[in-house]
Amino acid sequence: MNVDEEIEKLKEEIKRLGQTQSDGSCQVTFGVLFHDDRCANIFEALVGTLRAAKKRKLLTYDGELLLQGVHDNVVITLKPSPAASSTDA
């Protein structure tokens, strides 16, 4: 699986595990993602995939490097897709 495919899978998992916000974004904590069995089976390097998605400005979270345990409560926000935000208008 290449980086683009992993990012698409990550977006699906954030939507599955997270809470949709009124602006169309979706939020989940790092701990929920990290400890989910399905995510553990999909992502060899969850932190690397998160960093790649953040670099592409698809999601946001505080800090650069997320570590299991220490950063379990850090909120990851998946930005709304342009199609989703235009249909809400």
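Predicted model: local features only at pLDDT ≥ 70, side-chain atom pairs only at ≥ 80, totals over all residues.
Residues are numbered from 1 along each chain as its sequence is written, and side-chain values use heavy atoms, with hydrogens and water left out.

I begin with helix 1. Helices here are DSSP runs of H or I with at least four residues, strands are runs of E with at least two, and both are numbered from the N terminus. Helix 1 covers residues 3-17, and its end C-alpha atoms are 21 Å apart. That agrees with the 21 Å that its 15 residues should span at 1.5 Å a residue, the expected span being 1.5 Å times one less than the number of residues.

Which residues of helix 1 are buried? They are E6, I7, L10, E13 and I14. Buried means under 20% relative accessible area, exposed means over 50%, and partly exposed lies in between, with a 1.4 Å probe and protein chains only. Viewed down the axis of helix 1, these buried residues fall within an arc of 120°, so they line one face of the helix; the arc is that of the directions from the helix axis to the C-beta atoms.

I turn now to the salt bridges. A salt bridge is counted when a side-chain nitrogen of Lys or Arg is within 4 Å of a carboxyl oxygen of Asp or Glu. The whole structure holds six salt bridges. One of them joins R56 to D4, with the closest N and O atoms 2.3 Å apart. R56 lies in the loop between helix 4 (46-55) and strand 3, while D4 lies in helix 1, so this pair ties together parts that are 52 residues apart in sequence. R56 is partly exposed at 42% relative accessibility, and D4 is partly exposed at 44%.

E8 and K11 are three residues apart, a separation of about one helical turn. E8 is partly exposed at 41% relative accessibility, and K11 is partly exposed at 21%.

R16 and E13 also meet in a salt bridge, at 2.6 Å from N to O, and they too lie in helix 1, three residues apart. Is E13 buried or exposed? E13 counts as buried, at 1% relative accessibility, whereas R16 is partly exposed at 36%. E13 and R16 are linked with D36 and R38 in a network of salt bridges.

On the surface, L65, L67 and V70 form a nonpolar patch with about 280 Å² of accessible area together. Of these, L65 lies in the loop between strand 3 (59-60) and strand 4 (75-78), and L65 is partly exposed at 46% relative accessible area. Patches are made of residues with over 30% relative accessible area and no salt bridge, joining like charges within 9 Å and nonpolar side chains (Val, Leu, Ile, Met, Phe, Trp, Tyr) within 5 Å. Accessible areas come from the Shrake-Rupley method with a 1.4 Å probe, and for residues only the protein chains shown count as cover.

Finally, the cysteines. How many disulfides are there? The count is zero, where a disulfide is a pair of cysteine sulfur atoms within 2.5 Å. The sulfur of C26 has its closest cysteine sulfur in C39, 12 Å away, which is too far for a bond. C26 is buried, with a relative accessible area of 4%, and C39 is buried, with 2%.
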